[in-house]
Structures are given as structure tokens and as C-alpha cells.
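Trainee: Could you take me through one part of this structure closely, and then connect it to whatever else can be said with care?

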Amino acid sequence: MQTTSRRLAREWARTSAPFVESQLMSGLDHADERDINCTFAIARELTNSNTPFLLSYYAREIFVFELTQRQAKSFRAINRRMQCVEGGPTMRPPSAAPPLYDLSDLRIVDADGHPAEEAVRGTVYYEQQGDECFPGRVFLSMEFDLLHQCRKTLNYYPQHGLLPEGELEFTFPPAVEEQNQHGAGELTGPIVVHVRLMGTMNPQAPGGRVALSNAAAAVVELM
């Protein structure tokens with residue numbers, strides 16, 4: 001049975017990029033089999049609107065962004081090509097229960113031109129779903145790729161916890177620090193960031209994280 005996200009992906013492809021529908025759905029099948037995230041960058045010649053697009057399949061959710069031609073080149077989606085890049089494990093919320101929080105309206109400060117050496121700041125709206133609360137620490141997780149070479153996950157712990165709903169302001173470390181640590185080379189151009197609320201019973205433990213919300217995503221232009 002098709003998930004809602006896969007159905008949305010097929011409908012989008014049929015409407016906006018029918019030339020790549022079969023290839024796109026095969027790529028999603030492959031991602032589902034391996035339970036990983038992936039990103040598809042589609043050249044403008046393959047879309048009905050003659051506009052390049054980026055489709056992110058993250059935690060089995062679909063996010064679609066229009067790209068500039070320069071961004072498409074950065075994602076190697078040129079000359080009638082669709083570029084697919086594999087990501088990390090999905091880490092979806094437990095299927096037996098709906099997410100405890102709903103995220104929306106992600107905003108990154110200076111997303112159209114963000115200095116790579118400066119902290120990543122922004123806001124995201126959250127709303128608790130139901131009365132159940134996570135018994136451990138709740139934190140915001142940001143995941144992104146650096147030049148498709150090293151994948152990073154950064155965490156932000158709200159100082160005063162969360163209310164049942166509201167706008168959460170966050171500050172993550174600069175991307176350039178992660179770049180220097182891993183030797184990824186010069187880091188400029190567009191990246192896709194995803195944020196989710198996560199939970200842990202022990203913030204000091206490297207594992208034991210659980211997804212508590214859907215994901216929100218944005219394209220950030222690093223300079």
C-alpha cells in the first residue's frame with residue numbers, strides 16, 4: 001500500500017516532471033527498502049515549467065523546492081539530468097503512535113545568503129498533539145549534508161522546555177566548524193536542512209534518541 005508521501009510524490013511527478021516519474025519512484029522504492037533518506041535534484045529540461053526542482057525524501061516525508069539554475073548546477077542537476085544522493089537512516093517516529101508534536105513554518109535567518117562561519121539561527125512553530133508528554137529531554141535536531149561528503153546532525157536543547165504550542169527560537173553551531181572538523185573542503189552553495197523534535201532519556205548518551213515530531217525543511221544558501 002502506498003504511503004501518503006509516496007502518493008504525493010507520484011502526483012507531483014505526473015503534474016510537474018512526468019519525464020522522471022518512473023525513475024523517481026524507483027529511487028523511492030530503493031530508499032524504502034534500505035530505510036534511508038535521499039534527495040533528487042531535477043534539471044529544468046525535465047520539468048513542465050522549465051524550472052529546476054529539488055525533491056527531498058526525509059523520514060519518509062516529501063519536501064519539494066524550486067531551484068535557481070545556479071543551485072541546480074550545485075546539485076549537479078543540469079543537461080537533462082536528475083541527480084539522486086542518498087542520505088542517512090530515516091529515524092521515523094514509532095509507527096504504533098502518532099508524533100507527539102507537529103512542526104511547521106520553519107524559518108532560517110539569512111537563508112538566501114548565510115555566511116558559513118556564522119551560527120544557524122531561526123524559528124519553527126510547534127504544537128503538541130494530545131495530552132501525552134515525553135518523560136525525558138526534548139530537543140530540536142538539525143540534519144544536513146556538507147557537499148554530499150559528510151552528514152551532520154546538530155542538537156539544540158531549549159533552556160526552558162516547551163509549552164503545549166508556540167514558536168521555538170533556535171541557534172545551531174556554524175556549518176563551517178563542522179566543515180573544518182571533517183575536512184570537507186570549501187563549503188558554499190545550497191544545502192537542505194531538516195529539523196525535528198527528538199527525545200532522549202539521557203542527553204549525555206550518544207544513542208537512545210527517538211523522533212517525536214514530523215520534519216520541517218528549508219534550503220539554505222551558504223556563502
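Mentor: Strand E10 (residues 189-200) and strand E12 pair in the antiparallel sense over seven bridges, where strands are DSSP runs of at least two residues and helices (H or I) runs of at least four, numbered from the N terminus, and pairing requires at least two DSSP bridges between two strands. The model is a predicted one, in which local features need pLDDT of at least 70 and side-chain atom pairs count only at pLDDT 80 or more, while totals for chains, interfaces and linings use all residues. Residues are numbered from 1 along each chain as its sequence is written, and side-chain values use heavy atoms, leaving out hydrogens and water.

Within this pairing, proline 190 has glutamate 221 of E12 as its bridge partner. Strand E12 covers residues 216-222, and seven of its seven residues are buried, that is, under 20% relative accessible area with a 1.4 Å probe and protein chains only. In a regular strand the side chains alternate between the two faces of the sheet. In E12 both faces are covered, with Ala216, Ala218, Val220 and Leu222 buried on one side and Ala217, Val219 and Glu221 buried on the other.

Elsewhere, four strands form an open antiparallel sheet in the order E3-E2-E1-E4, whose edge strands, E3 (61-66) and E4 (82-89), each pair on one side only. Neighbouring strands of this sheet are turned by 15 degrees against each other on average, direction ignored. Strand E2 (residues 53-58) pairs with E3 over six bridges in the antiparallel sense, and phenylalanine 53 stands opposite glutamate 66 in E3. Helix H2 packs on the sheet and touches E1 (36-42), E2 and E4, its direction making about 165 degrees with that of E1; contact here means heavy atoms within 4.5 Å.

The axes of H1 (residues 4-16) and H2 (residues 21-34) come within 9 Å and cross at roughly 160 degrees, so H1 is roughly antiparallel to H2, a label given to angles over 145 degrees. Arg6, Ala9, Arg10, Ala13 and Arg14 of H1 meet Glu21, Leu24, Met25, Leu28, Asp29 and Asp32 of H2.

Finally, leucine 46 lies in the loop between E1 and E2 and counts as buried because its relative accessibility is 7%. Although 29 residues separate leucine 46 from alanine 17 in sequence, their C-alpha atoms are 6.0 Å apart. Leaving aside neighbours within four places in sequence, leucine 46 is in contact with Ser16, Ala17, Phe19, Val20, Arg80, Arg81 and Met82.

Definitions and conventions. Axes are lines fitted to C-alpha atoms, for helices over the stretch in contact, and angles run from 0 to 180 degrees between N-to-C directions. Angles under 35 degrees count as roughly parallel, over 145 as roughly antiparallel, 65 to 115 as roughly perpendicular and the rest as oblique. Buried means under 20% relative accessible area, exposed over 50%, partly exposed in between (1.4 Å probe, protein chains only).
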